[in-house]
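Please look over the model below. My notes on it follow as numbered points.

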Amino acid sequence: MKSYSKIAYLAALMCVSLPASEALSQAPTGKVTVVTSFSKDVTDPFKKAFEKAYPGTTLEVQNRNTNAGVKFVEETKSNNQVDLFWASAPDAFEVLKGKGLLQKITITATGIPEKVGSFPINDPQGFYYGFAASGYGIMWNDRYVKANKLPEPKEWSDLAKAPYFDHVSISAPSRSGTTHLTIETILQGEGWDKGWRTVKELGGNFRTVTDRSFGVPEAVNSGQVGYGIVIDFFAFSGQASGFPVKFVYPTVTTLVPANVAVITNAPNKTAAAAFVNYLLSPAGQEVLLEPGISRLPVNPAVYAKAPPSLPNPFTDKSLGAQVKFDVNISEKRTNPVDTLFDQLITFQLDGLKAATKAVHDAEAALAKKDNAQARGLIKEARDLIAAMPITAAEAESPEITGAFTGAKEKGARQAELEQKWAAFAKERYAQAKTKAEEALKLAR
Amino acid sequence: MALAIARPLGRLLASPGQAALAGVIALFLLLFLVVPVTTVIYVAFTEKGTGVFTLINFVDFFRTDLFVNAFWNSIYVSTATVLVASIFALPLAYITTRFSFRGAVLIQTLGFLPLIMPPFAGAVAMQLLFGRNGSVNLLLDDWFGFKIGLMEGLNGVVFVQAVHYFPFILVNLSAALRNIDRSMEEAAQNLGCSGFRLFRRVVFPLALPGYVAGASLVFVKVFDDLATPLLLNVKDMLAPQAYLRVTSIGIADPMGYVIAVVLIVVSVLAMWASTLTLSSKDYATVQRGGGGLAKRTLRPWESAVAYCVVGLILALVLAPHLGLLLLSFATVWSFSPLPDAYTFAHYARVFGDSSVYIKNTLVYASLAALIDVLIGGAIAYLILRTKLIGRQGLDWAASAALAVPGVVLGIGYLRTFYDVPMPDGRPLATFWMMIVLALAIRRLPYALRACHAALEQISVSLEEAAENLGATKMRTVRRVVVPLMTGGILAGFISSFATAAVELSATLMLVQSNSDAPLAYGLYVLMQSPAGRGPGAALGVIAVILVAICTFLSHVVIERSQRAKGALH
């Protein structure tokens, strides 16, 4: 009898709670599960603030890197237990959106403009929402730079100069969505051929190409490399933790939003929506100003409370406004660009560096004693280094992009293309090195 | 009729109980290793777009310079690491087991610690000490104006891997040395053999199963390891290539899985080759009462030399842990030989969170290690004591686990078990026991090698004697085989336990909530930000101390049982 009444009670409860769930959206409760790539320094303050603002809720944080997070949500969609996806790279959200794994919610927060720099803050279709802005730039270890008597950089092109040889670090764009955006920004800002030339000139000075985003600031913080191409908050939070690091935004940079989205079939949609709206509210935006987080709020009003060291992209128009970033082009050629970077730079780093060093040496010798023939040889060497196996149009063509998506039509396999591109680069780097060495002999 | 035929056949192969045991183990491996892994790597055998079976991807593998290069680099690094690791391990194992040496247990414990390198935090500590601008190189540059590329290129990988994995040889070789029958040595001495010749001709050959077990583990582990090459930014090796491909999104590319298949095949081949080197000889010794080799007392100058050698090796292999300790107390440590200042704040920060991590780690790692020694011991028994058809298959399947990248296993578990609901409706893959099983599968080869080596040294005549006296198979195993294998089983348990306690790659895919997370996960979360570096190192130190205590206790147990045996004699 007793157990029977319990069942009846439960049934009654369910009958009440099911239709009432809409009305209850005012008072979210229960567990909200969020998959995020953000560190504890970022998630803990938000967890505390959110749970305080909405008593009865608990934010369950599952920390995974962006790629693993996307894979996880994808693999578990049949029986989804995750409410929110919360990460930096907009392209991860594009992947999730493309697979129908995100759902729209009603946004109640106001006062957030449409764009930061030249980048739209929210997904135009409304599946994910930017809550903070970040820009790419150059971070360096002050002690390292002083000990090695190195200059302080201002622009990307500075890093391609001879003194920076073997002192620069970056994460591979295939491994870090934000590096991908930086490379894409350079390619769109300068054009395919010139852009790749810049990227490879930078690449010739790389010390390492790391396989995770945080590997770069970590190496700069501990002084293993001098300069890193990083997203701003890595440098800001490093400074906040007392590391001797400095940071600069080059003029060609783009500000990109870090995003949050609700997963399709979220078990606790009400509370998930509440969390998104909290992030976008002034109270949530102010949490971004904590020194351990140091990200740029997307609500311009919040900057009134920011420390003076934090740049304001809404008043400082030089920040990120230079480049018109075309998301469609970027999305279409994501895989070819990442693979080109890996095959021409990451996995050919030794050859590229040897050629670059030879060019630097020859140029140094020429500066002392000019020689027209040697100049010609150096130009040839530089052109060989900059040469690309495919054009911009080819990179967007279905024949090439199809090789990376497992498309139904039979075409080139990814491994075939990779081998072709790698062989192309290897041969030219070797030729460039020989030419530069000839130039050096002539200049002596 | 059927019965009459079945009986002699059955006797020829194995008893029904043994066959049933083999069946259970096969089922376990099928369910938690073969099926999950197959759901992921079958892609390697399909054609792009159509999904038809093909081997073209393997042709591509051998046509790609990068992969061929990576393959030979991996072979080189693994072989060289075995050599260097042997140089570290042989003196430590020999000195501590062969001579009465003060602090032998402590040395065995300390010598085991390098295996427990917490992910990320350990890497940062290594760079800060041995990196291009680490303490060693900054001081060298300051004093003499040059630097050593200790952590550069393939040889850097060899150095770090040897420091990291030599304990496999140490543990297994020590266990084997302890198991050698004293009478063998005495017989040799009576015949006039002594000194290095005694070691070379009698002692070392008798301990060979233990050495081969350790060396083959080192080879395969280094061949399949991706953490160290990535830490040193060496990407032209196979394991990092597989990892980089499998974990990049947006690329529906079979090559990552092709490399995983190559890794698995080479690992199984290496294990098979290691059993071949032993199969021609019999390593079993009969008399078990002696409690291992006689321990000689060293003359004063000898013991001075011995302490120097031991001290030097330990200083080198434990330097990373010293770095970790410094890092956990450091405020800021950047481009300087030592930290700027010291603080206890990092320990204070992790103290609150870490108790749940510690509890989970202890539960997961000890359960996993328990499963490992049970299954590993059983497989070793089936291989060495029965003629069951397909028993080698169990060995190879279990050893292949060493080569399966953690992410592949993690994704495989999600694919296989996420749609299986538990009674409360949540997916089975979210149950914490899944983490234990993944850890057990990944660490099974360690326990298996150790048990296999231990059993190989036991003469079957002891069991036959027991059975002749009327003991059942079960009772013989319980009262004779297991007690004689204790050392090997414990060595396997320690290896599995300690390495499971700091495992991350498979766990990261499977952890569903903070309350179920082990230490390594907490460490990973902390090590993603500059402010988390100190606390991460502190958590790493806690993990190391934790495992060290457990290791020390097991060594004490081994020593005690050894002494008890000796006393009986």
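How many residues of chain B are in contact with chain A?

1. The contact involves 50 residues of chain B and 61 residues of chain A, where contact means C-beta atoms, placed from the backbone, within 7 Å. This is a predicted model, in which local features need pLDDT of at least 70, side-chain atom pairs count only at pLDDT 80 or more, and totals for chains, interfaces and linings use all residues. Residues are numbered from 1 along each chain as its sequence is written, and chains are lettered from A and ligands numbered from 1 in the order in which they are written.

2. On the side of chain B that touches chain A, the elements giving two or more residues include helix H3 (56-63), H4 and helix H6 (121-130) of chain B. Helices here are DSSP runs (H or I, at least four residues), numbered from the N terminus. By class, this side of chain B has 22 nonpolar, 18 polar and ten charged residues. Ala, Val, Leu, Ile, Met, Phe, Trp, Tyr, Cys and Pro count as nonpolar, Asp, Glu, Lys and Arg as charged, and the others, Gly among them, as polar.

3. Within chain B, H4 (residues 65-98) packs on H13 (residues 238-246) at about 130°, with the axes 8 Å apart. Axes are lines fitted to C-alpha atoms, for helices over the stretch in contact, and angles run from 0 to 180 degrees between N-to-C directions. H4(B) and H13(B) are therefore oblique to each other (under 35 degrees is roughly parallel, over 145 roughly antiparallel, 65 to 115 roughly perpendicular, the rest oblique). Phe67(B), Ala70(B), Phe71(B) and Ser74(B) of H4(B) meet Leu238(B), Ala239(B) and Gln241(B) of H13(B).

Technical notes:
Contact = placed C-beta atoms within 7 Å.
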